[in-house]
Amino acid sequence: MSIATAQEALNLQLKPQSRSLPDLPQRDLPRTLPTTDAQWRALEGAANPQTRPDPFGNATDREIFGLSPPPVYPSGVTPRPLDVVVIGCGLSGMTFSMMSRWRLNNVRLRIFEKNPTFGGTWFENRYPGCRCDVPSVLYSFRFEPFDWTEGYAQWDEIFRYFSYVFHKYRVSDHVEFSSPVVGVTWNEAQGKWTVEVEKTDEKGGKHVTEEKCDVVINAQGLLNRPKLPSIPGLESFQGHLVHSSQWDSRTCIVEGKRVGVIGNGSTGIQIAGDIAKRVARMDHFCKTPTWVAPYASNFSVTASYRDQMLDPTTHAESYRNAWVRGEKTWVWWTRPNWDRDADRYQATLLNKYLAESVSDPQLRAKMTPGHGWGCRRPIMSNNYYSAIQLPTSHYINDPIVRITPRGILVCRADGTEEERELDMIVCATGFAVNWVNRFMSVRGKGGVLLADLWKSHPVAYRTVAVHGFPNYFWVAGPNTPPTHNSVHILFEQQINYIFQCIVFLQTNPSIEALDVKESAQKEFSDVAQEWLNKYTVWNENCGGWYRYETGYIVQWPGSATHMMESLHTPNWDHYELSIRQEGDTPGPATPMSATGWHDRWRSKKNRDPTLSPTMLGAKI
Ligand SMILES: Cc1cc2nc3c(=O)[nH]c(=O)nc-3n(C[C@H](O)[C@H](O)[C@H](O)COP(=O)(O)OP(=O)(O)OC[C@H]3O[C@@H](n4cnc5c(N)ncnc54)[C@H](O)[C@@H]3O)c2cc1C
């Protein structure tokens, strides 16, 4: 078997239906969670749009976070019915469903999810030590307080929180599980998308159904295409080989074993920190040293803190403060400020943390990164440094030559080879982040395959749209990855942007489709790349996934506040509109420029989010 087939073997294991429902550890549970069936039933639909105001609509929050107001249906206009399909029911698909209850009328929404349940990232990743690296309060819906048992929640608690929200906001009304989307094709003549969904019958037989819709929302996520390392011999290993995202506590037993962990991104550090005390020996293979920061002081929370977090006012205040704190750190990622501020940060915190935590100067030197902090995703850990200094732990930065049936062969500094015998190899080697879905093909205008367009790197318009794919919008599309602030707020803004497009289509029945102009996409992409390469830490080649081999950077070119502003209101000038030839009768669509429509739709209040290099740098 070649390396390619080892990756293929992993892909096979990752077939959509292959994962079981999580075996949730029973620990100290948040009190907010219902414990009986009756309580769960009472929770179902508690947040009913008929009886409660739009929970996303808090005006103070809108001001602080720069969220756009809900789109308005002009009075006297009956919105045309629209069929919308969402692909994926992770955080972004769930948020889309919830917000749509309050903000969209006359829309038939269906969500197809390949997994047997919701949660995405937090359903798929169950490895030891898996937890969020932003404070739990910030990794929450801002209107849905939860008495998190830890300051940085573990995966199962996040999954439980999602479960609570999923039921309360009746996301279940919209979703079909175990339903991978395998193909999405734009039908120009009909002005509709054909979505192919694979269904499995009771006997395990598979068949594909075709669903037509007007609008497709891609909420597929970006960190869910597991990647094995390209090391010769991987497939020859006779012990237990596992990718972190395939962890199953019933079969992945580390106790008393010799375990090799490959990779020292967030996942590798979390796993190594967690398992070190339980294994007979841990070898941590780290190609490039990486910065590790300690979690903030509220890592362990007290009962009174949990009470405070359940209070909506205190929760809202903490959330807003956390956002503002996050925005203040943005300068650490920017080049002109980076040298001064990040150096200071490194000197005062990261180097100090390393120096205070790792006593052996030789080990410390091996572990000191040569790249700037923030170039790779910042890694948080309170237990890694102590874990790696256990007598049974080994930090190995000698290059790996190959994997053998018995373990891992490394080349030592003196040129000799050493075989490290192992019972288990954990590949904490992350994900292929290229936004090309491994389960489905997406064909836009003229049958163009998105995967072909994005062979070297993905190019989109402000994270939400791609030229040639009309009425196809993204939540968490290319250039979304946040480094310094709440993904919840960014997703909300992307979703409300898409809602504005949907309402536009509904209230202009003669317009069949919105396709972002190639020129607008290019302008965004050119300016973004120039700016990112000139002014941010990501222009370094530090081996992180934010920067492609081509040099293309997939981060947002600015602060989170800047991203909020850029997605505040669609600029219709940036879109080609397809007009139906005969009134409302669907027929071949004729593209035309949006000029003219734009004036009608842009009021003075709406900000023009036209990008310019000055504006990119101006915020925060
Ligand atoms: C281990 C780990 C830790 C993380 N920690 C943090 C953190 O601390 N803070 C933070 O901000 N972010 C973190 N992230 C990023 C995290 O992915 C996002 O915060 C968020 O969960 C993304 O939500 P999503 O819905 O966009 O994607 P996902 O959670 O990946 O959900 C996408 C869903 O789409 C489904 N899907 C995909 N393709 C198809 C298809 N063809 N048909 C049907 N369904 C499909 C998937 O099954 C999945 O359920 C972490 C990611 C990982 C992997």
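**Questions on a predicted model**

Visitor: Which residues of helix H9 are buried?
Guide: Helices (H or I, at least four residues) and strands (E, at least two) are DSSP runs, numbered from the N terminus. Buried means under 20% relative accessible area, exposed over 50%, and partly exposed in between (1.4 Å probe, protein chains only). In H9 the buried residues are His-315, Ala-316, Ser-318, Tyr-319, Arg-320, Ala-322, Trp-323, Gly-326 and Glu-327.

Visitor: What kind of model is this?
Guide: Residues are numbered from 1 along each chain as its sequence is written, and side-chain values use heavy atoms, leaving out hydrogens and water. Local features need pLDDT of at least 70, side-chain atom pairs count only at pLDDT 80 or more, and totals for chains, interfaces and linings use all residues, since this is a predicted model.

Visitor: Which helices are included in what covers the buried residues of H9?
Guide: Contact means heavy atoms within 4.5 Å. The cover of these buried residues includes helix H3 (59-65), helix H8 (303-310), helix H14 (487-507) and helix H16 (560-566).

Visitor: What span does H9 reach from its first C-alpha to its last?
Guide: The expected span is 1.5 Å times one less than the number of residues. H9 (residues 312-328) has 17 residues, and 24 Å is expected. Close to that expectation, its first and last C-alpha atoms span 24 Å.

Visitor: Where does a side-chain oxygen of Asp-311 reach?
Guide: The place is the start of H9. There, the oxygen comes to within 2.8 Å of the backbone nitrogen of Thr-313.

Visitor: Which strands stand at the edges of the open sheet of three strands?
Guide: Two strands pair if DSSP finds at least two bridges between them. The order is S14-S15-S16, with antiparallel pairing. Each edge strand has a single partner, so one side of it has no neighbour in the sheet; these strands are S14 (400-403) and S16 (417-421).

Visitor: Which residue stands opposite Ile-400?
Guide: S14 and S15 (residues 407-411) pair in the antiparallel sense over three bridges. The residue of S15 opposite Ile-400 is Val-410.

Visitor: Which residue of S17 is the bridge partner of Gly-260?
Guide: S17 (residues 424-427) has Met-424 and Val-426 pointing one way and Ile-425 and Cys-427 the other, all buried. S8 (residues 240-243) runs parallel to S17, with four bridges, and His-243 faces Cys-427. S9 (residues 258-262) is likewise joined to S17 by four bridges, in parallel. In S17, Gly-260 has as its bridge partner Ile-425.

Visitor: How many helices and strands does the protein chain have?
Guide: Of its 620 residues, 58% are buried. The secondary structure comes to 18 helices and 22 strands.

Conventions
Polar contact = N/O pair within 3.5 Å; in protein donor to acceptor, adjacent residues only side chain to side chain.
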